[in-house]
Amino acid sequence: MNDDKLSNDPIANPASTISGPNYRFTLLTPLVLRYEWSADNSFEDRPSTFATHRNFPSPDFRTIDSPNNLQIISPNFHLTYNKTRFSPHGLVVTFNAKLTDHGAEWRFGQQTDRLNLGGTARTLDLIDGRCDMGTGILSRAGYAVLDDSESMVFDDKTSFLTPRPEGDRVDGYIFAYGQDYKAAMEAFYAISGQQPVVPRWCLGNWWSRYYAYTEREYLALMRKFGSEGVPLSVAVIDMDWHWVKEEFVEHTGWTGYSWNKDLFPDPKGFLDKLHEMKLKTTLNDHPHSGVHSHEDVYEELAQALNHDTGHKDPIHFDPTSPEFMHAFLNVVHRGVEKDGVDFWWIDWQQGLQSRVPGFDPLWALNHFQYLDTQKSKPDSLPIIFSRYAGPGSHRYPVGFSGDTVASWKSLRFQPEFTATASNIGFGWWSHDIGGHLPGYRDDECAARWVQYGVYSPILRLHSTVNKWMSKEPWLYRSEYMEAMRDAMQFRHRLVPYIYSVNADGKSRLPLVQPLYWQYPERGVAYHYPNQYHFGPSMIVAPIVDPRDERSNLAEAKMWIPPRRHVDMFTGTVYDGDREVKVYRDLDRVPVLLPEGSIVPLDGEAIPGNGCLNPVGFEVLVVVGREGQFELVEDARDDQGPQGDNSTQRANVITFDQAAGRWCCDSGGKDWRFRFISSAIDPSAVQVSVDGAPFEEARVHKVAASASGHSDVVVEIPADLPASDKIEIQLGPNPQLAVLDHTEALETILRNYQTGFKHKDNIWTILKSRQTLSVQIGRLLSLELDEVFTGPIVELMLADSRWQGIVV
């Protein structure tokens with residue numbers, strides 16, 4: 001399979017290598033040391049499934065070498081080795097970062113570092129709640145070890161995967177980074193390969209259900225989503241696209257490569273109609289059972305593999321065979337792809353075993369299917385959809401996390417699981433939003449799960465065949481249906497932001513990052529595993545618990561990092577560097593934007609299917625700090641005639657806080673800049689294009705009556721040349737406004753399901769002219785449950801500049 005070759009540069013710089021009888025050490029980067037032992041003195045220079053690149057400039061280090069001792073000293077660590085078989089007493093590394101009371105030391109063979117911050121899991125199949133997330137590259141000890149000894153390698157001649165040679169061998173990598181977590185992950189990607197850019201269309205809403213639809217039913221369902229105002233971008237057809245339970249199927253039916261013509265009499269016509277709706281398509285493939293004689297492709301595959309068809313014996317699935325894998329991709333899959341399949345859902349559930357010890361079938365499927373899709377679908381960036389196979393799997397997005405149980409416990413774990421996966425470089429998990437396996441029906445849980453999906457890498461609705469589990473939003477009670485619909489509409493509005501972060505050429509770090517990536521020195525950042533950065537401008541704390549029926553509000557506890565932040569939906573301004581409980585109704589999730597944030601959205605309130613480049617943008621801006629965002633588009637995603645495959649556009653949006661100056665290119669787009677909760681005087685705003693005053697701009701203030709905040713909005717029409725420079729002068733050093741919370745507090749109190757006397761007592765305190773500290777003391781003296789005082793206190797203490805209700 002020489003034509004299926006990944007980019008690699010596996011042979012290390014000789015100047016970085018220290019070797020002797022049976023051992024070899026290589027300083028790959030200033031942060032990463034490779035250590036190897038081989039009883040036969042033969043070392044591995046082929047790319048492994050983890051390490052594809054090892055050739056880097058030699059970092060700063062020195063050695064002290066004596067007959068029975070070797071020391072390697074670098075700015076980050078000090079290695080001591082007694083030149084015998086690696087052992088806990090013979091190979092020791094101490095680290096220079098002073099992060100623990102007793103220092104940090106690693107001895108070969110020691111157990112997993114208890115301070116390791118975790119990685120991810122192969123699957124969440126059958127999980128109801130938490131699971132073991134293993135280890136990742138990041139640790140509060142300032143170092144981590146990745147054992148690569150058992151991974152497969154790529155053969156020099158064939159580029160096919162093969163287990164390593166037998167014998168006494170060790171191959172490991174030590175990452176020593178102190179608290180520079182982002183540098184550690186950059187080093188990980190340098191060695192293991194960058195995360196690929198995923199296509200824009202995969203960032204919208206996916207529909208999936210394990211159900212035997214007919215062609216007519218499926219197309220009607222897709223039209224129903226459109227009439228309900230719920231945009232989609234990917235249509236998933238689960239395993240019933242092929243023959244399953246018919247008598248002529250010679251196995252249990254999970255594997256299949258022939259369309260069920262009873263359900264889909266015209267497969268190509270069916271997929272063409274989905275494409276006309278601007279939907280990409282994927283088919284489920286459980287390849288384990290191989291290809292049996294009833295399959296349309298059986299004779300052609302048998303001929304390609306010289307398989308005797310005299311007895312109609314099945315052609316077994318053999319991922320260890322280069323010949324089989326080549327035929328599997330180029331005959332079996334290609335035969336179905338010709339109908340219009342855009343990518344494959346590889347649903348391998350059979351574990352790590354194969355005919356060859358040490359050969360993991362999932363690795364072969366992920367690697368070769370991704371490269372084959374890249375080759376066979378040149379009009380789009382490639383993706384597959386499959387489970388995680390181990391370090392290095394980030395090169396083959398998107399990850400399918402498996403069949404979870406529909407429960408609040410599962411929802412509570414998924415934000416942490418997704419963020420923690422970034423510690424092993426895996427940034428594109430897709431979960432069964434709402435849960436797959438029957439747990440229980442809870443409309444609120446389903447709605448909150450969809451809202452979480454908006455701020456996860458991929459939003460994919462999915463459920464099992466159970467009649468009561470289907471995830472169409474209109475099947476839920478009205479308030480939950482509206483929350484789900486609004487969330488899915490907003491997901492499509494967010495695509496310009498998400499795609500730009502995904503396509504950022506300067507850094508391919510994951511879209512979702514734990515808080516401690518940005519604040520490694522702050523202990524509190526480690527206490528909120530369910531809270532995370534979603535790109536550079538958002539901090540998200542998903543709601544993962546039900547509302548209290550007395551307040552109609554759900555609670556989330558979060559840490560607000562330093563600097564003021566603004567809630568993207570309520571406009572509430574919060575002081576930073578503090579822990580706080582926040583309360584939200586069913587329509588909202590806490591999404592905070594720090595000062596200097598720039599968030600481009602699709603300008604349409606209800607975008608259509610397919611996530612095409614918008615004709616206009618709404619850009620959310622939080623003043624108070626310098627800001628910059630690179631808005632990236634691919635010409636392949638234009639709504640009109642599409643450009644060359646390689647055409648990518650970047651519009652750098654900048655905000656100079658001191659000068660109050662906003663700059664970007666027109667791009668030929670319609671623009672609406674929304675300066676959230678700002679204290680800007682609209683009459684002082686000046687707009688120019690290419691240095692000349694632009695009178696067609698509309699500047700006005702938009703008030704949000706429920707939350708007490710108002711935004712200054714600048715609107716610029718789309719009839720400008722794409723290269724024209726737009727400049728908006730807001731006035732020097734614009735600041736966030738001090739909001740009037742009166743109406744918001746009234747709304748909270750009005751919705752409380754409690755005695756009118758309690759409401760009167762609270763309102764009397766809020767209207768008093770006493771200081772906030774006295775008011776809060778009086779509130780607490782009422783001895784009401786926190787469900788009543790918490791939401792009130794949240795607003796009272798949100799912004800220290802607020803002095804209370806003005807009577």
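View 1. Helices (H or I, at least four residues) and strands (E, at least two) are DSSP runs, numbered from the N terminus. This is a predicted model, where local features need pLDDT of at least 70 and side-chain atom pairs count only at pLDDT 80 or more, while totals for chains, interfaces and linings use all residues. Residues are numbered from 1 along each chain as its sequence is written, and side-chain values use heavy atoms, with hydrogens and water left out. An unreviewed UniProt entry gives residues 509-599 the feature "domain: Glycosyl hydrolase family 31 C-terminal"; such annotations may be inferred rather than shown by experiment.

**View 2. An open sheet, S4-S5-S6-S7-S8.** Here 5 strands pair up in antiparallel fashion, in that order; two strands pair if DSSP finds at least two bridges between them. Strand S4 (62-66) and strand S8 (104-107) are at the edges with a single partner strand each, so one side of each has no neighbour in the sheet.

**View 3. Zooming in on S7 and S8.** Strand S7 (residues 91-95) runs antiparallel to S8, and 4 bridges join them. Look for threonine 94, which stands opposite glutamate 105 in S8.

**View 4. Where helices H4 and H5 meet.** Helix H4 (residues 298-305) packs against helix H5 (residues 322-337) at about 145 degrees, with axes 10 Å apart. Those axes are lines fitted to C-alpha atoms over the stretch in contact, and angles run from 0 to 180 degrees between N-to-C directions. Contact residues (heavy atoms within 4.5 Å) include Leu301 of H4 and Phe324 of H5.
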